[in-house]
Amino acid sequence: MERWRTINHQLSTINSSTPPSFYKRATFVTHLPADCLYSPSHFWLREVEPSRWRVGFTKFATRMLGEIVEVQWEKAEGAPVAGGEIIGSIEGFKAISDIYCVAAGAFAGGNPALRQDIELVSREPYAAGWLYEILGKPDAKCIDLAGYRALLDTTIDRILEKQQ
């Protein structure tokens, strides 16, 4: 377990030489890693080795899910996957949500650290709380940091409009 935490920390340090971008809209505040791609469904993707992508929920997604209690995978390691395909589910106190694949290639497995500490998903969403890895290529719908910031602006504005 400790070995995985050390490896996760090393990879996040190696891959995050660009400082994160501060983001604030209404009451939502976060730091978004600049070295990631983002999906419209609020996942982040970081290339940890050539063609090996680590995927996790953004802080926005974890806030919408609430307290997370369990994650399950429908795909076996090595199984082929495509963008938009359901590969697992995550259960929170607010809801059970499907986990969609945001890349095409082969499922390289879920984060083993989550079996011992599921709260990593919310506590360290861009580091030790990653969800799964894919060997392949990100979905064409994935966007860079500037695109994701614009998506968050639009999403949060819609939420605020509905609250009024």
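This is a predicted model: local features need pLDDT of at least 70, side-chain atom pairs count only at pLDDT 80 or more; totals for chains, interfaces and linings use all residues.
User: How many bridges join β10 to β11?

Analyst: Seven, between residues 103-110 of β10 and residues 132-138 of β11, and these two strands run antiparallel. To find your place, look for F107, which sits opposite I134 in β11.

User: What about strand β8? Which strands does it pair with?

Analyst: Strand β6 (residues 68-73) is joined to β8 by five bridges, and five bridges also join β8 to β9 (residues 96-100). Both pairings are antiparallel. A hairpin of three residues connects β8 to β9. Five of the seven residues of β8 (residues 86-92) are buried, so the rest of the structure largely encloses this strand.

User: Now the cysteines. How many disulfides are there?

Analyst: A disulfide is a covalent bond linking the sulfur atoms of two cysteines. Searching the whole structure turns up zero of them. Take C142: its nearest cysteine sulfur belongs to C101, 9.4 Å away, whereas the cut-off for a disulfide is 2.5 Å.

User: Is C142 buried or exposed?

Analyst: C142 is buried, at 14% relative accessibility. C36 is buried too, with a relative accessible area of 4%.

User: And how many salt bridges does the search find?

Analyst: Eight in the whole structure. One of them pairs D157 with R25, with the closest N and O atoms 2.7 Å apart. D157 belongs to helix α4 (residues 145-163) and R25 to strand β1 (residues 21-25), so this pair ties together parts 132 residues apart in sequence. D157 is partly exposed at 28%, and R25 is partly exposed at 26%. There's a network here as well, linking R25, D153 and D157 by salt bridges.

User: Which residue does E133 form a salt bridge with?

Analyst: R52, and their closest N and O atoms are 2.7 Å apart. E133 is in β11 and R52 in β5 (residues 52-57), so the pair connects parts 81 residues apart in sequence. E133 counts as buried, at 6% relative accessibility.

Conventions. Residues are numbered from 1 along each chain as its sequence is written. Side-chain values use heavy atoms; hydrogens and water are left out. Two strands pair if DSSP finds at least two bridges between them. Helices (H or I, at least four residues) and strands (E, at least two) are DSSP runs, numbered from the N terminus. Buried means under 20% relative accessible area, exposed over 50%, partly exposed in between (1.4 Å probe, protein chains only). A salt bridge is a side-chain nitrogen of Lys or Arg within 4 Å of a carboxyl oxygen of Asp or Glu.
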